[in-house]
Amino acid sequence: MPKAIHDFTTQESVAPYVKAVQVSADTDYDPCRAVFSKTDAAHVLTVNDEAITFTTMQAGVIYPISATKCTSTNVIFLY
């Protein structure tokens, strides 16, 4: 079960990200705080249980998207 707002420690609350997870395609994860794109590409991310295609994502950019799944292995979920 994902953490609720009151479940985060002080360190987790003040740090932008405390953990990074290399995504395995089509695997469910806890909702992340952001998504880092490793390649210039369109990525299909699951947000609120809906698969959404984010086109023209740029490599090296952190996107403030809370996703739980991706169809590509070219993203990193940040927590």
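## Reading the exposure values

Residues count as buried under 20% relative accessible area, as exposed over 50%, and as partly exposed in between. This is a predicted model. With a relative accessible area of 24%, Lys69 is therefore partly exposed.

## The salt bridge

Lys69 has a partner: this residue forms a salt bridge with Asp28, and the closest N and O atoms are 3.4 Å apart. Lys69 belongs to strand E6 (residues 69–70), while Asp28 sits in the loop between strand E1 (20–22) and strand E2 (34–37), so the pair ties together parts that are 41 residues apart in sequence. Asp28 is exposed, at a relative accessible area of 57%. The structure holds one salt bridge.

## The sheet

Strand E6 also takes part in an open sheet of three strands, ordered E4-E3-E6 with antiparallel pairing. E4 (50–57) and E6 are at the edges with a single partner strand each, so one side of each is left without a neighbour in the sheet.

Strand E3 (residues 41–47) pairs with E4 over six bridges in the antiparallel sense. Here Ala41 stands opposite Met57 in E4.

## Aromatic contacts

A search of the whole structure finds one aromatic pair. Tyr29 is in the loop between E1 and E2 and Phe77 in strand E7 (residues 75–78), 48 residues apart. Both Tyr29 and Phe77 are buried.

Key
Residues are numbered from 1 along each chain as its sequence is written. This is a predicted model: local features need pLDDT of at least 70, side-chain atom pairs count only at pLDDT 80 or more; totals for chains, interfaces and linings use all residues. Side-chain values use heavy atoms; hydrogens and water are left out. A salt bridge is a side-chain nitrogen of Lys or Arg within 4 Å of a carboxyl oxygen of Asp or Glu. Helices (H or I, at least four residues) and strands (E, at least two) are DSSP runs, numbered from the N terminus. Buried means under 20% relative accessible area, exposed over 50%, partly exposed in between (1.4 Å probe, protein chains only). Two strands pair if DSSP finds at least two bridges between them. Rings of Phe, Tyr and Trp (its six-membered ring) pair if their centres lie within 6.5 Å; planes under 30 degrees apart count as stacked, over 60 as edge-to-face and the rest as tilted.
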